[in-house]
Amino acid sequence: KLASREFHPENTVIQIGDVKIGGGELVVMGGPCAVESAEQIDEIARLVKAAGGQVLRGGAFKPRTGPYSFQGVGVEGLIMMAEAGKKHGLLTITEVMTPEYVDICAEYADILQVGTRNMQNFDLLRKLGEVRKPVLLKRGFSATYDELLNAAEYILAGGNPDVMLCERGIRTFESYTRNTLDLSAIPVLQHLSHLPVISDPSHGTGRRELVEPMTRASVAAGADGLIIEMHTDPDNSMTGDGVQSLFPDQFARLLRELEQLSPII
Ligand code: PEP
Ligand code: MN
């Protein structure tokens, strides 16, 4: 299989501009759950850059559990985020939910994210195989490693070699945390596959106070990068993810700490 370490013994290194993902240097993607306004994403981009992050995250299309919740600002959000990224010298990552929106998302963002709920949206994966933009594929919250690797296989088989895998927590019997961040996924996926592995301690815990320790744990487990939610006003964020979003000063402190933790190799 194309995703397997057997097929491709060397680590895949994804280079976007001067950022290398999977090459031994830790990559940090930070930003809000959702793009809310041009001012919001511009200010957060400034803070991500100042803290030393390389990639601005933000959803323009949001996969909400209920149909009456805020669904994202759509294409306008893609434009706002692209401008903020350009202005502050950051790459951007955003979620794409349907095959029809892949081209427009690819036009505005540097990395396309597949959300946990869409890990086995095979039409979406096939379409992502045809684009020339890297893809961050999130593990389904009830998916095995094998199912995640098979999902990645769809993108690779379509001709797009630039796939990173993301552990974002799985559903377990524990309800104190929103999900259980499966730290074992990091070394297991790196053993089975050559693709970079990114950890998402925000969705992986659902609790702000757990993001910092689980970030450190992810780095210790060998993660190639992190995707972390940060918001200037988490209590008033437009998705429910304010409770897991770091305040800007916490985000900056965490990144300073990471400089001492990595690279370990
Ligand atoms: C997100 O990154 O905001 C998101 C919706 O993530 P997930 O698909 O992991 O729930
Ligand atoms: Mn979120």
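User: Which residues touch the most other members of the largest nonpolar core?
Analyst: In this predicted model, the largest nonpolar core has 74 residues, and those touching the most other members are Leu137, Ala152, Ile155, Met164 and Leu165.

User: And which helix gives the most to this core?
Analyst: That is helix α5, residues 145–157, which contributes 7 residues. As general background, nonpolar side chains in soluble globular proteins tend to be buried together.

User: Which residues of α5 are buried, then?
Analyst: Leu148, Leu149, Ala151, Ala152, Tyr154, Ile155 and Leu156 are the buried residues of α5, and the elements that cover them include the helices α4 (122–128) and α6 (185–192) as well as the strands β7 (135–138) and β8 (163–167).

User: What is Ile155 in contact with, leaving aside its neighbours within four places in sequence?
Analyst: With those neighbours set aside, Ile155 is in contact with Leu125, Leu128, Gly129, Val135, Leu137, Asn160 and Val163.

User: How far apart are the end C-alpha atoms of α5?
Analyst: They are 18 Å apart, which agrees with the 18 Å that its 13 residues should span at 1.5 Å a residue. The helix is followed by Gly159, whose phi is positive, near 110°.

User: Switching to α2: what should it span, and what is buried there?
Analyst: Helix α2 (residues 75–88) has 14 residues, which should span 20 Å at 1.5 Å a residue, and this agrees with its end C-alpha atoms being 20 Å apart. Its buried residues are Gly77, Leu78, Met80, Met81, Ala84 and Gly85, and because they cover an arc of only 165° around the axis, they lie on the same side of α2.

User: Which exposed residues does the face turned away from that buried side carry?
Analyst: That face of α2 carries Lys86 and Lys87, both exposed. Just after the helix, Gly89 takes a positive phi of about 70°.

User: What covers the buried residues of α2?
Analyst: The covering elements include α1 (38–51), β4 (55–57), β5 (91–95) and α3 (102–108).

User: How do α1 and α2 cross, left-handed or right-handed, and at what angle?
Analyst: The crossing of α1 past α2 is right-handed, with axes that come within 9 Å and cross at roughly 35°. On the α1 side the contact is made by Ala38, Ile41, Asp42, Ala45, Arg46 and Lys49, and on the α2 side by Met80, Met81, Ala84, Gly85, Lys87 and His88.

Terms used
Residues are numbered from 1 along each chain as its sequence is written. Chains are lettered from A and ligands numbered from 1 in the order in which they are written. This is a predicted model: local features need pLDDT of at least 70, side-chain atom pairs count only at pLDDT 80 or more; totals for chains, interfaces and linings use all residues. A nonpolar core is a set of buried Ala, Val, Leu, Ile, Met, Phe, Trp, Tyr and Cys residues joined through C-beta atoms within 7 Å. A residue is buried if 20 or more other C-beta atoms lie within 10 Å of its own, exposed if 12 or fewer, and partly exposed in between; C-beta atoms are placed from the backbone. Helices (H or I, at least four residues) and strands (E, at least two) are DSSP runs, numbered from the N terminus. Two residues are in contact if their C-beta atoms, placed from the backbone, lie within 7 Å. The expected span of a helix is 1.5 Å times one less than its number of residues. The arc is that of the directions from the helix axis to the C-beta atoms. Axes are lines fitted to C-alpha atoms, for helices over the stretch in contact, and angles run from 0 to 180 degrees between N-to-C directions. A crossing is left-handed if the near helix is turned anticlockwise from the far one by less than a right angle, and right-handed if clockwise.
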